[in-house]
Amino acid sequence: MSGTSAKSVRTRTEPAPVRWLLIIVAFLFLGLFLFVPLAAVFAQALEKGWDAYLVAIREPDALAAVKLTLITAAVSVPVNLVFGVVAAWAIAKFEFRGKQLLITLIDLPFSVSPVISGLIYVLLFGLQGWLGPWLQAHDIKIIFAVPGIVLATVFVTFPFVARELIPLMEAQGKDEEEAAITLGASGFQTFWRVTIPNIKWGLLYGVILCNARAMGEFGAVSVVSGHIRGATNTIPLHVEILYNEYNYAAAFAVASLLALLALVTLVVKSFVEWRMRETS
Amino acid sequence: MATKPITRNTVIPGFGPTLGYTVFYLSLIVLLPLSALVVKTASLTWPEFIATVAAPRVVASYKVTFGAALAAAGVNALFGLLVAWVLVRYSLPGKRLIDALVDLPFALPTAVAGITLSSVYAANGWLGSILEPRGIKVAFTPLGIFVAMTFIGLPFVVRTVQPVLEELEEEIEEAAACLGANRWQTFRRVLLPELLPALLTGFALAFARGVGEYGSIIFIAGNMPMVSEITPLLIITKLEQYDYAGATAIATVMLLFSFLMLLTVNLLQKWSRRHAAR
C-alpha cells in the first residue's frame, strides 16, 4: 500500500462515522456471541471457588472421562492422520478419473449430522443391527462400549487431515518428488525427506483440528456410548450428566477443561497459520 | 477432468497402494456404515416410510429445525460479512486476537457451548436477566435454538468471505469512485456482486451445519415436542424407544438433505472459482 496516494485511500474506505458504526456493530455481535459465552464458562466454573473446582476435576468419574477421551483421541487422530497423508498422496500426485467424486466423499462426514454418525454404527453393531447377533454370540461389545465411541469419533474426524493436505499438496505440485526419484531416491526416502518437510505445517494444522473435534465430539458419541459413569463417558458426556443433575459448578469446571483445550487449539492454529504465511 | 484416462505419466511411485488404501478405508469407515442406513430404511414399505417421516411431530421438528437454521444462517450472512469487512479493511488494536477467536465455535465442543449459552440466557443468567424482564424469553424456547445455531454457524461466512475480500483489487473500487459512485453505490454495485458467491457458500455451510447440529442446541432448546424439538433429537428419542426403523427413516430424510446441501455448496464453490478466475 506504500505507493497509494491519499486520494485512493479515501476512495477505498468509508467516512469515519460509518467506519466506527460498523466496528461497533461488529464488536457487539462478536461480544454477544463469542466473548460472553467464553467468559461465562470460566466464571461459572470458578463460582464456588478453586477448591470446589479442583474437587470437581479430580473426582474419579471425571478422571475416568478424561482418560477415555485421551484414549479416543490417541486412536482416532493417528488413524485419520495416516489416511489423510495416504489420500492426499494419491489425489495430489496422480491424475485419475473420479478424483472430484473421491474428494467429495472424503468430505462427506462433515455434512452428516453427528446424531446420524452415531446411528449408523448402532445399525451395524447394535443388538438389532447387521452384526449384532454375531457379536453377542462371541461376547464382543462395540455399541455402549469403548470401541463404538472410538469408531464414531473416527467417523466424525475422518476428513480433517485429508482436507488440509489435499489442496496444499496439489498446490505444491510434484516437481520436487519427481526430481528426487529421478536422482535415485526411493519412494519412502522421497516422502520423508522431500514431501514431509513441505507439508509439515499443514499436517500439524489438520492434526490440531482433528484432535479438538475428537476430544470434544458430543452428538455421535452420545448415541453409541450408553452413558455408563466411569466406563463409557467421555469428557463432554460427563459434562452433560453433571449438568442434568443440576450440579452446575462441577459441570462448568469439567467443561472449562474443554474450553481450555479450545483456546490452546486456537493459539496453535494461529501460530501454524502464521508460519504457513511466512514460508509461502 | 472426467475425460482424463487412468494414466501413470509420472515417475512417482505408490499410486496403486495409496489409492487402494484410500478407497478401502473410506468404504470401511464412511460408505459401508452409511449404506446400512439406506438398507435399513429400504426394509420399510413406502406407506410406512411416509407415515413415519410425515407424522405431525416430525413435521413440526422439521419446521423448527429448518426455520431456525435458515434464520441463523441469514443473521450470520449479514453479520459475518460485516465482521469480515471490519477485520480486512480496518486497522484495529487486537485485531489478530479477534480474528483468531472467530474460530471459537469450531474449536469449542458443542456440549460446552450448549450448557454455556443455556446458562447465559436463562432467567438468572448474564443476558437472560436483562432480556426476560423485557419479555424476551430465549432459553428453552425456539429462540434459544436460533441463538445456538447462530453461535455454531458464526465462523462459516466470515471465513469464506474474508479471503475473497482480501484478494479484491483496489482498482475496481477506485474506478467506481472516479466514475462518480458514492461509497454505498460502490459497495452495492461493485463489491457485493464480487462477494456474492463466497457469501452464499458461507450461508449454505452455516445452514447445513445448523440443521444437523445437536450438542449445542439440546441444552438451550427446552425440547418440547411440537414446539422446540429439533429433528436430530427426535432421532435419538426414537432410538431410545428402540424404534430403529423410525429413527432410520427420519435420518434418511436428513441425509438426503445433507447430500443436497453438499451438492449446492460444490456448485457454489465452482461458481466462486469461475468468478475469481474472470
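How many residue pairs are in polar contact across the interface of chain A and chain B? The rule finds 12, both residues of each pair being at pLDDT 80 or more.

This is a predicted model, in which local features need pLDDT of at least 70, side-chain atom pairs count only at pLDDT 80 or more, and totals for chains, interfaces and linings use all residues. Residues are numbered from 1 along each chain as its sequence is written, chains are lettered from A in the order in which they are written, and side-chain values use heavy atoms, without hydrogens and water.

**View 1. The interface of chain A and chain B.** A polar contact is a pair of N or O atoms within 3.5 Å; within protein, one must be able to donate a hydrogen and the other to accept it, and residues adjacent in sequence count only if both atoms are side-chain atoms. Of the side of chain A that touches chain B, α2(A) supplies the largest share, 20 residues. About 8,600 Å² is buried between the two chains, 78% of it on carbon and sulfur atoms (accessible area, 1.4 Å probe, lost on being put together and summed over both).

**View 2. The salt bridge of A:Glu14 and B:Arg183.** Their side chains meet at 2.8 Å, N to O. Chain A and chain B have a count of two salt bridges between them (a side-chain nitrogen of Lys or Arg within 4 Å of a carboxyl oxygen of Asp or Glu).

**View 3. The kink in α2(A).** The kink is about 45° and is centred on A:Gly31 (angle between axes fitted to the seven residues ending there and the seven starting there). Helix α2 of chain A covers residues 16-45 (a DSSP run of H or I, at least four residues, numbered from the N terminus).

Definitions and conventions: Helices (H or I, at least four residues) and strands (E, at least two) are DSSP runs, numbered from the N terminus. The expected span of a helix is 1.5 Å times one less than its number of residues.
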